[in-house]
Amino acid sequence: MPAIRNLILILGDQLTPDLTALIGADPARDRVLMGELRDEATYVRHHKKKIAFLFSAMCHFAEELRAAELRVDYTTLDQPDAPGSFTGLIAQAVARYKPERIIVTEAGEWRVARDIAGWETRFSIPVEIRTDDRFLCAPGDFRDWAAGRKQLRMEYFYRDMRRKTGLLMDGDQPAGGKWNYDSENRKAPALDLFMPRPKAIAPDAITQAVLTLVEARFGHHFGDLAPFWFAVTRADAEAALAAFITRALPWFGDYQDAMLTREPFLYHAVIAQYLNCGLLDPLRVCRAVEAAYRAGQAPLNAAEGFIRQIIGWREYVRGIYWLKMPGYERSNALGHTRPLPDFYWTGETAMACVKAAVTQTKELAYAHHIQRLMVTGNFALLAGIDPYALHEWYLSVYADAYEWVELPNTVGMSQFADGGLLGSKPYAASGAYINRMSNYCGACRFDVKQRTGPDACPFNALYWDFIARNRALIGANPRMAQMIRTYDHFAPPEQERISDSAARFLARL
Ligand code: FAD
Ligand code: DLZ
Ligand code: SF4
């Protein structure tokens with residue numbers, strides 16, 4: 001066996017050719033390691049489509065590296081000696097090659113970072129952990145930004161990222177004179193809108209083989225494998241981005257918060273799964289969107305709204321994750337303990353909005369932000385679902401889900417379980433909000449206009465009951481204080497009906 005200098009481990013969400021771990025890689029003396037791993041596919045039971053997407057993208061990336069002359073050991077899940085975990089993969093390779101050093105780019109998830117931190121002692125070999133420069137803000141820089149601030153508001157972080165990248169900046173001023181055009185981005189949907197579809201890629205031979213493997217090994221996991229249309233190569237992911245920019249970006253801002261039956265994508269990009277595994281580069285994506293705006297192909301409210309999601313929210317939630325882990329995953333400021341209802345897995349509920357969100361999640365491993373936040377997230381918040389159980393659900397069912405991005409969105413933004421660290425108020429809403437932003441209610445068995453009683457939209461009584469239950473914790477926010485005052489103006493019999501309706505509904509869950 002030839003002497004190996006460096007073992008370079010590439011994790012499944014590091015499918016980027018200029019990844020820091022690959023800098024200086026020498027085809028003659030270094031060996032790249034990649035593996036399809038049982039533990040990674042099952043630490044939560046990931047959606048079948050997500051596993052297939054990642055295995056196929058990993059396999060194609062190994063080919064890309066080989067085409068660049070690198071020597072890659074790629075372990076498939078069905079190999080007889082397949083190791084189950086990253087540590088097992090390294091143990092096998094260390095025994096085989098006796099390398100001088102292990103190199104890896106820092107892991108996205110805390111549990112993997114913790115394992116890697118133990119390898120130097122375990123294998124008695126130096127382990128070089130390199131920074132992940134695919135993000136704009138390193139965890140240490142976020143910590144510095146957060147230090148001494150009373151409130152960690154995304155908006156101020158975002159402005160710093162605009163200044164740092166120069167995105168949508170005219171000199172030192174924001175393009176158009178305002179930092180944020182969100183007030184223009186709340187249009188209700190219209191049924192006659194022309195809705196583009198995300199670019200669909202036909203499965204090639206590698207993907208076909210992976211689909212067969214995933215069905216055989218993970219057939220019992222949640223979700224549908226077919227139809228499978230995700231891009232699994234960089235070139236196809238770039239094509240999907242280009243299609244979004246020309247077909248959907250111009251309307252992205254206007255209809256960002258809208259929801260429509262049988263229109264799961266509206267004008268969303270459907271690229272988070274590509275960004276989060278490294279097939280697309282966030283900064284390049286934002287530069288392409290800015291170029292479309294500068295060329296007059298997309299309005300400013302769309303370009304700004306989109307760029308804010310990526311250099312603002314995406315970076316900000318990662319900063320919060322590394323600031324607060326470990327421990328953040330067990331946050332439960334509202335003391336919620338109710339088990340996750342079965343319909344999160346089956347979609348079998350009479351609530352048309354929840355049914356639509358869960359059903360499409362099962363089919364597509366995708367739901368857009370407002371469905372996640374204001375339908376499945378909002379329902380869980382109002383019903384007092386255990387935030388950890390909900391976190392595991394979100395982590396397993398979406399193709400773009402990794403703990404660093406999913407956890408702060410679930411525990412912080414959606415469930416207010418961190419007590420307001422991430423968001424100033426809970427994203428709690430009654431049926432009226434869902435009715436305004438969607439066409440779900442028209443076809444629902446419940447009446448969105450009724451507050452209580454057996455036919456009333458369950459979101460209504462649950463909402464007011466939530467306000468009454470949590471007044472001490474949420475009252476500091478002026479908009480929530482206004483809701484508490486409204487509740488206080490309800491006559492006592494109405495307050496009783498609310499609490500009774502909520503209790504009856506929850507008892508049947
Ligand atoms: P678009 O709406 O087209 O937005 C463009 C891009 O902006 C996205 O691709 C994404 O990279 C980024 N983005 C938008 N919103 C956010 C956000 N709140 N946080 C971080 N990035 C954002 N996003 C994930 O990538 N992975 C997750 O596991 C995840 N879990 C979520 C859980 C909950 C409870 C909620 C409320 C949101 C979650 N999000 C998550 C954020 C958001 O819903 C998804 O990024 C988005 O729906 C992906 O679809 P898209 O690519 O069409 O996004
Ligand atoms: C999500 C995932 C899955 C399903 N499978 C693998 C795998 O088999 N091999 C691998 O290297 N990575 C996988 N991943 C992504 C990892 O979970 C991710 O790289 C870690 O969570 C670190 O962020
Ligand atoms: Fe959802 Fe209520 Fe509307 Fe039914 S009536 S779709 S439960 S918001």
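A crossing of two helices is left-handed if the near helix is turned anticlockwise from the far one by less than a right angle, and right-handed if clockwise. With that in hand, α16 passes α18 in a right-handed crossing, whereas α16 passes α20 in a left-handed crossing. Please keep in mind that this is a predicted model.

**Helix α16 and its contact with α18**

- Helix α16 spans residues 369-383 and helix α18 residues 403-414; their axes come within 11 Å and cross at roughly 55°. That angle makes α16 oblique to α18.
- On the α16 side, the contact uses His 369, Leu 373, Gly 377 and Leu 381, and these meet Asn 409, Met 413 and Ser 414 of α18.
- Sorted by class, the residues of this α16 and α18 contact are three nonpolar and four polar, with no charged ones.

**Helix α16 and its contact with α20**

- Helix α20 covers residues 458-469, and α16 packs on α20 at an angle of about 50°, with the two axes 9 Å apart. The pair α16 and α20 is therefore oblique.
- From α16, the residues Met 374, Val 375, Asn 378, Phe 379, Leu 381 and Leu 382 take part, and their partners in α20 are Phe 459, Leu 462, Tyr 463, Phe 466 and Arg 469.
- Nine nonpolar residues, one polar and one charged make up this contact of α16 with α20.

**Helices α6 and α13**

- Helix α6 (residues 139-146) packs on helix α13 (residues 300-324) with 9 Å between the axes and an angle of about 85°. Angles of 65 to 115 degrees count as roughly perpendicular, so α6 and α13 are roughly perpendicular to each other.
- Pro 139, Phe 142, Arg 143, Trp 145 and Ala 146 are the contributors from α6, while α13 brings Tyr 316, Arg 318, Gly 319, Ile 320, Trp 322 and Leu 323.
- By class, this contact of α6 with α13 holds eight nonpolar, one polar and two charged residues.

**Ligand 1**

- There are 28 residues around ligand 1, and those that come nearest are His 268, Ala 269, Val 270, Asn 276 and Tyr 366.
- The side chain of Asn 276 has an N or O atom 2.8 Å from an oxygen atom of ligand 1.
- For Tyr 366, the distance from a side-chain N or O atom to an oxygen atom of ligand 1 is 2.7 Å.
- A nitrogen atom of ligand 1 lies 2.9 Å from a polar side-chain atom of Asn 409.

**Ligand 2**

- Around ligand 2 there are 17 residues, of which Gly 12, Asp 13, Gly 35, Leu 37 and Glu 40 come nearest.
- The backbone takes part too: Gly 12 places an N or O atom 2.9 Å from an oxygen atom of ligand 2, and for a backbone N or O atom of Gly 108 the value is 3.3 Å.
- Arg 111 uses its side chain, with an N or O atom 3.3 Å from an oxygen atom of ligand 2.

**Ligand 3**

- The shell around ligand 3 consists of Met 351, Ala 352, Cys 353, Gly 431, Ile 434, Tyr 440, Cys 441, Cys 444, Phe 446, Val 448, Cys 457 and Phe 459. Helices α15 (352-364) and α19 (431-437) are the elements that give two or more residues to this shell.
- Eleven nonpolar residues and one polar residue form the shell of ligand 3, and no charged ones are present.

**Backbone details**

- Ala 226 and Pro 227 are joined by a cis peptide bond with omega near -5°; Pro 227 sits in the loop between α8 (205-218) and α9 (234-247).
- The peptide bond from Met 325 to Pro 326 is cis, again with omega near -5°, and Pro 326 belongs to the loop between α13 and α14 (343-346).
- Although Ser 124 is not a glycine, its phi is positive, at about 50°. You will find Ser 124 in the loop between α5 (119-123) and β5 (127-130).

Methods
Residues numbered from 1 in each chain as written. Chains lettered and ligands numbered in written order. Predicted model: local features only at pLDDT ≥ 70, side-chain atom pairs only at ≥ 80, totals over all residues. Heavy atoms only, no water. Axes fitted to C-alpha atoms, helices over the stretch in contact; angles between N-to-C directions. Helix = DSSP H or I, 4+ residues; strand = E, 2+ residues; numbered from the N terminus. Parallel < 35°, antiparallel > 145°, perpendicular 65-115°, else oblique. Contact = heavy atoms within 4.5 Å. Nonpolar A, V, L, I, M, F, W, Y, C, P; charged D, E, K, R; others polar. Near = heavy atom within 4 Å. Polar contact = N/O pair within 3.5 Å; in protein donor to acceptor, adjacent residues only side chain to side chain.
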